[in-house]
Amino acid sequence: MTTSLTPAAGELISEKVASAVRRGLASLPKRLPPWLFYDEAGSQLFEQITELPEYYLTRTERSILATHAGAMITRASEGERLRVVELGAGSADKTRLLLAAAAEWQRTVLYEPVDVSWSALEAARARIEREIPGIVVAPRLMDYTHGLELEQTDPGERRLVLYIGSSIGNFDPEDAALLLSRVRAGLKPGDSLLLGVDLVKEDSILLAAYDDEAGVTAAFNRNLLVRLNRELGADFDPDGFAHRAVWNAAESRIEMHLESLTQQQALLTELDLRVNFAAGERIHTENSYKYQPGQVEAALTEAGFAAAASWTDAQGWFAVCLGRAE
Ligand code: AVI
């Protein structure tokens, strides 16, 4: 992430944040990219979301992994040694299930978490090495959305890339396809990708997962404005915006928006920008795509993977699919 020093504030502001916000608030309808959610407070709120009763995604995927981790490792390795790569620095207990299954299959496992945040990588390294015997953590600092540049594996060794947690769902279909083919380009034939995706289900279940009773998702959404106030010297009133979660059936996605409750203006000092909001005007902050059964296998095939196996839960709410690089 590039940074510049603003003499006025005497603080580092990120050029990446500044340009995304300038572009997003100038567009119509207004939008802000979902990666902006994840400052320290936003990451903590997301952790709380994963434990909410309405947010079925995490516990459902965890139950699939708990039941099938051994089979997933067997299918990925096909009798060879495995190296495990994870896109994003370790989704804690879910990753642990797969690493523990890999460590049962081979005595030591090299685990390569890939992330843009050095602190997230260091935290993952400390946690995993402390908690799972036999795992050697080799953090890789890179933006995987631009592709994977990993060192060559040893002969007779295969890579298994984990992209779990429905993270692919936050990319529009074209960007998801591009990401999958970039991942494929960084792999050898025989390597594989384990992809966790959320599936289409009854609207009421989807909507509740993104608009929980306790208001944690609303706080997560509004925290974006708190972040802009702090990092860009803005004066948004977070309570002047309502959290809205919408099921867009035509696009097969949950959308999150922040809706201005009144006609109002915000000043973003660091950007030297004033932004007007009409009452009811929205900022589109996130898309979370939900797949139809079979659709993820098609996306894998399109990106150069053979769809090798899929696992789901008893209700068919979530799927974990293994694609083998051809
Ligand atoms: C990180 N990502 C998969 C979450 C999702 O479900 O799309 C982010 C999230 N947004 C609201 N709640 C959770």
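1. In this predicted model, helices α1 and α8 cross in a left-handed sense (the near helix is turned anticlockwise from the far one by less than a right angle; clockwise would be right-handed). Helix α1 covers residues 15-26 and helix α8 residues 216-232 (helices are DSSP runs of H or I with at least four residues, strands are runs of E with at least two, and both are numbered from the N terminus). Their axes come within 12 Å and cross at roughly 120° (axes are lines fitted to C-alpha atoms, for helices over the stretch in contact, with angles from 0 to 180 degrees between N-to-C directions). That makes α1 oblique to α8 (under 35 degrees is roughly parallel, over 145 roughly antiparallel, 65 to 115 roughly perpendicular, the rest oblique).

2. Which residues of α1 and α8 meet? From α1 they are V17, A18 and V21, and from α8 they are R227, L228, E231 and L232 (contact means heavy atoms within 4.5 Å). By class, this contact has 5 nonpolar and 2 charged residues, and no polar ones (Ala, Val, Leu, Ile, Met, Phe, Trp, Tyr, Cys and Pro are nonpolar; Asp, Glu, Lys and Arg are charged; the others, Gly among them, are polar).

3. Helix α8 also packs on α2. The axes of α2 and α8 come within 9 Å and cross at roughly 160°; the two helices are therefore roughly antiparallel to each other. This crossing is left-handed. A41, G42, L45, F46, Q48 and I49 in α2 meet V216, T217, A219, F220 and N223 in α8. The classes here are 7 nonpolar, 4 polar and no charged residues.

4. The count of aromatic pairs comes to 12 (rings of Phe, Tyr and Trp, the last by its six-membered ring, pair if their centres lie within 6.5 Å; planes under 30 degrees apart are stacked, over 60 edge-to-face, the rest tilted). Y38 and F220 have ring centres 5.7 Å apart and planes at 65°, so the pair is edge-to-face. Y38 lies in the loop between β3 (30-31) and α2 (40-49) and F220 in helix α8, so the pair ties together parts 182 residues apart in sequence.

5. Two backbone details are worth checking. L28 and P29 are joined by a cis peptide bond, with omega about -5°; P29 is found in the loop between α1 and β3. S166, a residue other than glycine, has a positive phi near 65°. S166 is in the loop between β8 (157-163) and α6 (173-185).

6. On confidence, the protein averages a pLDDT of 94, and 95% of the residues score at least 70 (pLDDT is the predictor's confidence in each residue, from 0 to 100). Confidence is lowest in strand β1 (residues 3-6), at a mean of 37, and highest in strand β11 (residues 253-260), at 99. Over residues 1-11 the pLDDT is below 50; beyond near neighbours in sequence, this stretch has 20 contacts in the model.

7. Residues are numbered from 1 along each chain as its sequence is written, and side-chain values use heavy atoms, leaving out hydrogens and water. Local features need pLDDT of at least 70 and side-chain atom pairs count only at pLDDT 80 or more, while totals for chains, interfaces and linings use all residues.
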